[in-house]
Amino acid sequence: MANLKTVSKKSKAQSMGMHTEVLTGRTQQKFFNPDEAENFYYFGTYDVDFNKRTDLDVKDMTAPEANKEIDNLMSQGYGTIVIKNPQGKHSLGVGILNKLNLIFEGSLGYFGMGSCDGPIVRINGRVGWSCAENLMAGKVVIEKNAGSCFGAAIRGGDLICKGSVGARTGIDMKGGTIIIGGDAGAFTGFMMQRGRIIILGDVGINLGDSMYDGTIFVGGEIGSYGSDAVDSELTSSDQDWLKRKLKVAEIGENFDVSKMKKIVAGKKLWNYDNLEPTEKKGAI
Amino acid sequence: MCGIAGLIHRGKSSNVGSELQGMLQALKHRGEDSTGYALYGDTDGKNFIMRFKVGENVGEGSSSIMEDVSVYDERKKVVDQTLAEMGAKVIKEERTLPYSLRYEIDYDVKDLLEFSQRIESIPGVEILSMGKSLEVIKDLGNAKMVCDRYSLDKVVGTHAIGHARMATESGVDIKSAHPFWGYPFSDVSVVHNGQLTNYWNNRRVLENKGMRFMSECDSELIAVYIAEKMRDGATLEEGMKASLTGLDGVFTYFVATKDSLGMAKDTMAAKPLVLYESDDLVAMGSEEIAIRSVLPQEIDTYDPFDGEVKVWQI
């Protein structure tokens with residue numbers, strides 16, 4: 001077998017400047033240098049001032065109109081925006097790739113705050129299905145309940161629901177932290193790949209079904225374990241981390257984390273290697 | 001994907017026709033092939049109300065075969081004759097559309113099964129609902145179109161369920177539209193969002209037990225399944241709980257009777273439902289915006305969990 005470290009032949013893609021990361025294993029892979037973060041920006045993001053605040057009443061707006069107006073306000077430098085009368089509309093606040101304080105005075109429908117990277121959001125109501133789907137970074141706090149697929153496929157950030165959530169919370173999540181103050185439905189952590197889920201209440205059937213990796217902490221009763229989800233020892237560092245997270249999340253500050261259960265992947269379903277396709281080619 | 005909505009006022013009546021229209025119209029993006037209403041109106045409870053059709057809506061988008069309108073009159077005549085033969089007296093007759101009729105019938109019905117079988121033995125005739133409070137109105141188009149067509153916005157009652165349909169596994173026609181009457185039970189109706197995968201197995205079993213199916217829509221199975229359980233002595237809630245294991249697939253459905261409204265969600269919780277519950281009103285729908293159409297103020301709602309069954313009384 002060829003030694004990966006000695007493979008020197010560059011592919012066409014590499015000669016074009018692609019795939020030039022130093023690969024030292026998937027979990028250590030660096031996608032950009034933090035020292036160069038200043039130079040890293042999204043196209044179309046704005047320099048906003050958190051002290052510059054405004055209200056936006058979306059009662060008579062469609063979701064695209066409301067989202068466009070949020071973008072417009074950010075372009076004017078508003079760093080704190082209060083959304084009035086969201087009234088359960090779908091897809092509000094999606095695609096915000098900016099630092100921003102966003103406050104919803106009311107409830108959101110489906111796909112609220114989807115595909116965001118960076119904003120700090122507080123929703124003083126309830127959210128429907130797939131809230132904060134694909135969240136990359138930032139913090140989203142929901143004061144009441146949430147629907148199913150809460151935090152589906154998130155990559156980073158903190159997603160906090162102070163009430164209860166529906167089924168398939170954290171499905172396919174690849175990073176970040178989801179914190180639930182109440183109960184969670186069936187298939188929580190279904191196929192999760194990384195990240196952490198904390199549930200202070202009870203959780204439904206098939207918890208962590210087919211999870212690849214990541215950790216789930218449960219404070220209440222578990223309906224049943226999913227395939228390949230197993231108990232693990234709750235360490236003192238886990239407890240310290242839980243206390244810190246719950247404090248930041250403004251819920252369960254007095255919760256006895258020492259009695260929480262820790263669930264991880266049994267890794268019996270792992271039937272793949274951890275090589276990138278380019279690495280695999282070299283190995284062969 | 002379809003959308004469902006329902007509401008029940010506890011201890012009072014309200015303009016349920018208009019309210020349900022608003023809820024279903026808010027869900028029209030989930031499907032507007034057809035829309036159906038099951039309205040439980042305020043009546044004196046003396047006479048039966050029979051909603052039935054003698055043909056299909058063959059308008060744009062319909063998958064039904066075009067018929068000469070004259071056959072509707074022929075079928076109506078046979079229905080009238082059959083009712084007379086059974087000793088049923090038609091107190092009031094309304095013909096909203098050439099193919100859709102509403103009769104108020106004075107009849108001491110001992111067995112709705114036999115009554116229904118005789119009426120439905122007439123080719124092209126289907127009873128949409130039969131009851132002393134229930135009226136099922138369903139037709140092609142979105143909620144507002146159907147509401148306007150049948151003047152439903154003024155209907156006053158205690159509770160109602162409805163359905164906005166995106167046709168997937170059966171035709172775009174009235175017979176496949178929801179709600180389904182819980183044949184042969186008076187005042188029982190069902191709406192469903194989802195897909196049942198053991199439809200044919202259950203249908204064969206239930207047909208062997210004497211139950212009737214009018215369409216090939218999988219959702220009809222729920223109405224028939226629960227009706228059969230109730231025929232065997234189960235309560236509505238017991239029948240609904242049995243359905244969680246007896247029906248395979250993904251579903252959220254509502255069942256209404258003369259004085260109650262229930263919801264059930266499958267054990268995988270694959271289909272959405274948002275619920276608002278207070279002392280005097282329960283409103284629920286596939287999406288929160290449906291509830292917002294009757295309660296625009298900030299309210300507390302939640303998603304029922306997997307395998308949950310709830311029943312409310314008026």
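Okay, one definition before we start: two residues are in contact if their C-beta atoms, placed from the backbone, lie within 7 Å. With that in hand, let's look at how the two chains touch. This is a predicted model, by the way. In it, 22 residues of chain A are in contact with 16 residues of chain B. What classes of residue are on the side of chain A that touches chain B? By class, that side has five nonpolar, 14 polar and three charged residues.

How confident is the predictor about chain A? The average pLDDT for chain A is 87, and 81% of the residues score at least 70. While we're on chain A, find Met113(A), in the loop between β3 and β4. Its phi is near 60°, which is a positive value in a residue other than glycine.

Now over to chain B, and its sheet. Five strands make an open sheet, in the order β9-β10-β11-β12-β15, and the pairing is antiparallel. Which strands stand at the edges? Those are β9 and β15 of chain B, each with a single partner strand, so one side of each is left without a neighbour in the sheet. Lying across β11, β12 and β15 of chain B is helix α7, residues 236-246, which runs at about 15° to β12(B).

Next, a pair of helices. Two packed helices are described by the angle between their axes and the distance between the axes. For α5 and α6 of chain B, that's an angle of about 40°, with the axes 11 Å apart. The two are therefore oblique to each other, and their crossing is left-handed. Who meets whom? From α5(B) we have Tyr199(B), Asn202(B), Arg203(B) and Leu206(B), and they meet Leu221(B), Val224(B), Tyr225(B) and Glu228(B) in α6(B). Sorted by class, that contact has five nonpolar, one polar and two charged residues.

Last stop, two prolines in chain B. The peptide bond from His178(B) to Pro179(B) is cis, with omega near -5°, and Pro179(B) lies in the loop between β8 and β9. Then there's the bond from Tyr183(B) to Pro184(B), also cis, with omega near 0°. You'll find Pro184(B) in the loop between β9 and β10.

Note on methods:
Residues are numbered from 1 along each chain as its sequence is written. Chains are lettered from A and ligands numbered from 1 in the order in which they are written. This is a predicted model: local features need pLDDT of at least 70, side-chain atom pairs count only at pLDDT 80 or more; totals for chains, interfaces and linings use all residues. Axes are lines fitted to C-alpha atoms, for helices over the stretch in contact, and angles run from 0 to 180 degrees between N-to-C directions. Helices (H or I, at least four residues) and strands (E, at least two) are DSSP runs, numbered from the N terminus. Angles under 35 degrees count as roughly parallel, over 145 as roughly antiparallel, 65 to 115 as roughly perpendicular and the rest as oblique. A crossing is left-handed if the near helix is turned anticlockwise from the far one by less than a right angle, and right-handed if clockwise. Ala, Val, Leu, Ile, Met, Phe, Trp, Tyr, Cys and Pro count as nonpolar, Asp, Glu, Lys and Arg as charged, and the others, Gly among them, as polar. Two strands pair if DSSP finds at least two bridges between them. pLDDT is the predictor's confidence in each residue, from 0 to 100.
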